[in-house]
Amino acid sequence: MAMADMEAAQRRTRIAQYVRWGAIGAGVLIVVIAIFGSFFTVHQYERAVVTTWGKFSYVAAPGLNWKIPFVQRAHPIRTDIRTLTPGDPKGVNTYTVDNQEVDIFFNLFYRVPPANVSYIYENAQDYRERLFNIAVDRLKSEMGKVNVAHVAEQRGVISNRIKTVLVQDSKVLGVDVTDFQLTNIEYTKGFKTAVEQAVTARQMIETRERE
């Protein structure tokens, strides 16, 4: 019985040691996480919104910053010039004033001013989606004013009109639109065929006239 009691006591001692070392290890791990979680880096091309228990506290500038671990979180927001393009490989489908279908591809250039970071975080976190939808709406509106035969030659004019409207409409989101470009225009097969036939017919007439 004495031997059995000694072995049981030794087992209890070993278990107690394991528990103690496990608690120490967990404590060290928590301290390490807290130390590393206290610092964060903000790049030159961004700002970081720091929240306390999920509520806005302040905007952190570029460089090494400090926050309260487990209590505060940093949410980076880019402030450099970025681009929005149609996600659909077919572009944006729309119609001209003469009811001709076209697929449009564009590049929308924008930036978030550092002074507007806090406003955007609190009022327009979905600003990219909303800005893209505004751009598509304005694009369709402008394309609905142009004859399909003049779309290519008026590409620059159309782009400038859309940019002018977007510069004003994007202010409600706290975003600055810097440029808008129509990068490609895809016509329907029927329209392309009609153009090719018209070109062929004109060439035939010119050939007869020369003869």
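I worked on a predicted model, where local features need pLDDT of at least 70, side-chain atom pairs count only at pLDDT 80 or more, and totals for chains, interfaces and linings use all residues. Residues are numbered from 1 along each chain as its sequence is written, and side-chain values use heavy atoms, with hydrogens and water left out.

Entry: whole chain. I found five helices and nine strands, taken as DSSP runs (helices H or I, at least four residues; strands E, at least two) and numbered from the N terminus. Along the sequence the order reads α-β-β-β-β-β-β-β-β-α-α-α-β-α. I noted 211 residues, 28% of them buried (buried is under 20% relative accessible area, exposed over 50%, partly exposed in between; 1.4 Å probe, protein chains only). For contacts (heavy atoms within 4.5 Å) with a separation of 6 or more, 65% join residues 24 or more positions apart.

Entry: Thr79. I located Thr79 in the loop between β5 (72-78) and β6 (82-84). Thr79 counts as buried because its relative accessibility is 8%. Leaving out residues up to four places away in sequence, I listed Tyr45, Glu46, Arg47, Arg111, Val112, Pro114 and Val117 as touching Thr79.

Entry: Asp88. I placed Asp88 in the loop between β6 and β7 (92-95). Its relative accessible area is 41%, so Asp88 is partly exposed. The Asp88 side chain reaches the backbone nitrogen of Lys90 at 2.8 Å. I also looked up Phe105, which is 17 residues from Asp88 in sequence and 9.4 Å from Asp88 in space, C-alpha to C-alpha.

Key: Polar contact = N/O pair within 3.5 Å; in protein donor to acceptor, adjacent residues only side chain to side chain.
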